[in-house]
Amino acid sequence: MKTLLQLNTIFLSMIMEAIPFILLGVIVSGLIQTFVTERWIAKVMPRNRFLSTLVGCGVGVFFPACECGIVPITRRLLGKGVPLHAGIAFMLTGPIINPIVLFATFIAFGNSWKMALIRAGAAIVVAFFVSVILSYLFPELPFRETQGKGIAETAAAAEVPVAVTAKPPIQQRLMGVITHAIEEFFSVGKYLVLGALIAASIQTYVPTASLIHLGSNEVTSSLVMIVLAFVMSLCSEADAFIASSFRGSFSIGAISAFLVFGPMIDIKNTLMLLGVFKGKFVATLIALVMVSTLVVSLLVGRLFG
């Protein structure tokens, strides 16, 4: 009975933390779908692969979304013509480098910007290399078939030439935003609920202490923290407070692995990603993020430990 109550508490807290950001994400997605055109994106996005990836890494500063809300925004941006490398770079860095998360990290680590800046820098490095590698491995958008068709059809409907049909009035366009946001919310929401249930179950029945004991050196410590970040599936606005509690047990490098990997990949957003992208792409993305985070955390440990 006690474990079921604990499971229920963890599950509900995850859902309550994530829903506001899911709502924000689907509303932004609806606004992008209705008001942002492929022509405008083509104008502002650099054609150079590396420059556009850097732009993608930096755009997250302007989007206060966690890892749950970032998936529908990324899907819409890719459907509108943003290159894969820029879209994935935005998706990976957005939940980490936005001002709310960085300020929360500043507070959690004793009003010090050191860990917040390490977190932001490590996230940008990981996202840049992962996104560039993915762009070579997947030259075409790796949407699931149903997702690809749906986005193409919606985009085609939204981009009717002006010569044929005049722009609809603003009220009609805003209604389109709301309709799209509702559809997106229910599309993404089911993966959130399932992911939160799995994460809550693992937290309830797998003792965290048993994982912590495995962290005997820098490599295994970072790997343990990566696994913990995936399992705990915390919202990026709250994970810094949990990470700061590990300071007595883990090095700065291992803690940075927790702070970087969790917002990029956890149980909740893995299921959301599988709802949008092909399984092979998601598996490759997770593997690349894990290896890159491990390498960067070891460098952080060397430089700041």
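This is a predicted model: local features need pLDDT of at least 70, side-chain atom pairs count only at pLDDT 80 or more; totals for chains, interfaces and linings use all residues.
View 1. You will find P83 in the loop between α4 and α5. Which residues does P83 touch, once those up to four places away in sequence are set aside? They are M45 and L78. Here is a pair to trace along the chain: P83 and I41 are separated by 42 residues in sequence, and their C-alpha atoms are 9.9 Å apart in space.

View 2. Two packed helices are described by the angle between their axes and the distance between the axes. Here, α4 covers residues 67–79 and α5 covers residues 84–97; they pack at an angle of about 165 degrees, and their axes are 9 Å apart. That angle makes α4 roughly antiparallel to α5, since angles over 145 degrees count that way. The crossing of the two helices is right-handed.

**View 3. Where α4 meets α5.** Now let us look at the side that each helix turns to its partner. From α4 come E67, I70, I73, T74, L77 and L78, and they meet L84, G87, F90, M91, G94 and P95 of α5. Sorted by class, this contact has eight nonpolar residues, three polar ones and one charged one.

**View 4. The buried residues of α6.** Helix α6 runs over residues 99–108, and its residues V101, L102, A104, T105, F106 and A108 are buried. What do these buried residues pack against? Their partners are α5, α7 (113–137) and α12 (239–244). Just after α6, look for G110, which takes a positive phi of about 70 degrees.

**View 5. L92 and the largest nonpolar core.** The largest nonpolar core has 73 residues, and L92 is one of those with the most contacts inside it, along with I88, F258, M264, F277 and L285. Which helix gives the most to this core? That is α7, with eleven residues. Zoom in on L92 and leave aside its neighbours within four places in sequence: L92 is then in contact with A127, V130, S131, M264, L285 and V289.

Terms used
Residues are numbered from 1 along each chain as its sequence is written. Side-chain values use heavy atoms; hydrogens and water are left out. Axes are lines fitted to C-alpha atoms, for helices over the stretch in contact, and angles run from 0 to 180 degrees between N-to-C directions. Helices (H or I, at least four residues) and strands (E, at least two) are DSSP runs, numbered from the N terminus. Angles under 35 degrees count as roughly parallel, over 145 as roughly antiparallel, 65 to 115 as roughly perpendicular and the rest as oblique. A crossing is left-handed if the near helix is turned anticlockwise from the far one by less than a right angle, and right-handed if clockwise. Contact means heavy atoms within 4.5 Å. Ala, Val, Leu, Ile, Met, Phe, Trp, Tyr, Cys and Pro count as nonpolar, Asp, Glu, Lys and Arg as charged, and the others, Gly among them, as polar. Buried means under 20% relative accessible area, exposed over 50%, partly exposed in between (1.4 Å probe, protein chains only). A nonpolar core is a set of buried Ala, Val, Leu, Ile, Met, Phe, Trp, Tyr and Cys residues joined through side-chain atoms within 4.5 Å.
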